[in-house]
Amino acid sequence: MWAVTILGLAVLIAVDFFIGRKPHDVSIKEAGIWTVVWIVLAVLFGLGLLLAGESQASGEFFAGFITEKSLSVDNLFVFVLIMAKFAVPSHLQQRVLLIGVLIALVLRAIFIAAGAAIIASFSWVFYIFGAFLIYTAWKLIQEARKDEEEDEFEENRLLKSIEKKFGVADRYHGTKLFIRANGKRILTPLMVVMLAIGTTDVLFALDSIPAIFGLTQDPYIVFTANAFALMGLRQLYFLIGGLLKKLVHLSYGLSVILGFIGVKLVLHALHESGVHVPEISIPFSLAVICGVLIITTITSLIASRKQEQREAAQAAEASAAGEPEKDKDSIEA
C-alpha cells in the first residue's frame with residue numbers, strides 16, 4: 001500500500017510538473033482547476049478507504065486533511081512574505097512553490113517517521129504533544145491580538161550559512177538553480193527562495209505534525225493527509241493570494257482547533273495511562289474542525305467588509321473636506 005501510494009503521488013507530481021514545466025504567470029482559471037483536482041483526489045482517496053471497509057481510517061484521513069489544509073492556508077501568509085523578500089518574478093513563482101513544496105513533503109515524511117517511532121515507544125509523549133498544542137493555540141491568540149503585523153521575512157540560520165558557503169548570484173537566471181561566476185559554482189536567487197520555502201516548512205511542521213497525530217496514530221494516514229494538503233498548496237497560493245488578508249479571524253479559528261486537538265491528546269494520554277476519562281471520537285472531532293473553519297470564514301468576511309466600508313467612508317469624508325488622501329512622502333515613494 002505504501003509503495004502504490006508513493007508511486008501514485010509521484011505520477012501526479014510528474015504530471016503537475018510536466019503541465020507547468022514552462023515558467024508562466026498562473027491564471028485564476030488554471031489555479032482554480034488544479035485546486036479542485038487536488039481536493040477531488042483527496043476526497044476520492046478518503047472515500048476509497050471507506051469503501052475498502054476502513055471507516056475509521058477514512059474519518060481520520062478527512063479530519064487530518066482538513067486540519068492540515070487549514071494550517072497550510074495560514075502558512076501562505078509566510079510564503080507571500082518570502083516571495084516579496086526575494087522579489088521573485090511572477091512567472092517563476094509557480095516553479096518556486098512546486099520545488100519548495102516537494103522539499104517540504106520530504107522533510108515532513110522524516111518528521112512523521114520520527115513521530116511514529118517515538119509514539120510507538122513512549123505513550124507519555126502524548127502529554128508533551130497535547131501541552132505543546134495548547135501552548136501554540138495560546139500563542140496564536142496572542143499574536144492575533146497584536147496590532148502590528150510582521151511585514152518582512154527573516155532568513156533562518158541554515159539558509160544564511162548556505163548562502164555564505166556557496167555564494168548567491170545578484171539576479172535571476174531563468175529556471176537555473178546554479179551558475180558559474182569567476183570559475184565558481186554559485187546559487188541563483190531561485191534556488192535560495194526554494195530552500196527558504198522548504199526549510200521554513202520545518203517550523204510549520206512543529207505544530208501540524210503533533211496536531212494530526214492527535215487525530216490518528218496511523219503513519220500512513222498522517223503521511224497521505226499531509227501529502228494531499230501540501231500538493232494542492234501551490235495552486236491555492238495563486239487562487240486565494242489576494243483573499244488572504246480578508247481571513248482576519250483565521251488565527252483565532254486555528255487556535256481553537258489546535259487547543260481542541262491538544263485537549264484530545266491529553267485525554268488520550270490519560271486513557272492510555274489507565275485513567276477513566278472520556279475520549280473524543282473522530283466524527284465529533286471532524287464536526288468541530290469543520291464548524292470552527294466555517295464560522296471563522298464567515299466572521300472574517302463580515303469583519304473585512306465592515307473594515308472596507310469604514311475605510312471608504314473615511315476616504316469620502318477626507319475628499320469632501322478637501323484633504324489629500326496621501327501625503328507627499330507616500331506619493332514620492
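**View 1. Lining of the second largest pocket.** In this predicted model, 19 residues line the second largest pocket, and Lys69, Ser70, Val73, Leu293 and Thr297 lie nearest its centre. Two or more lining residues come from each of α2 (28-51), α3 (55-85), α9 (233-240) and α11 (282-320); helices are DSSP runs of H or I with at least four residues, numbered from the N terminus. A pocket is an open set of points on a 1 Å grid over the protein atoms alone, where a 1.4 Å probe fits, with protein on both sides within 12 Å along at least five of seven lines; lining residues have an atom within 4 Å of a point.

**View 2. Volume and composition of the second largest pocket.** The volume is about 500 Å³, taken as the space filled by probe spheres set on the points. Helix α11 supplies the largest share of the lining, seven residues. By class, the lining holds 13 nonpolar, five polar and one charged residues (nonpolar: Ala, Val, Leu, Ile, Met, Phe, Trp, Tyr, Cys and Pro; charged: Asp, Glu, Lys and Arg; polar: the others, Gly among them).

**View 3. Crossing of α5 and α7.** The axes (lines fitted to C-alpha atoms over the stretch in contact, with angles from 0 to 180 degrees between N-to-C directions) of α5 (residues 125-145) and α7 (residues 189-213) come within 10 Å and cross at roughly 125°.

**View 4. Residues between α5 and α7.** Phe126, Phe129, Phe132, Leu133 and Thr136 of α5 are in contact (heavy atoms within 4.5 Å) with Leu206, Asp207, Pro210, Ala211 and Phe213 of α7. Eight nonpolar, one polar and one charged residues make up this contact.

Residues are numbered from 1 along each chain as its sequence is written, and side-chain values use heavy atoms, without hydrogens and water. Local features need pLDDT of at least 70 and side-chain atom pairs count only at pLDDT 80 or more, whereas totals for chains, interfaces and linings use all residues.
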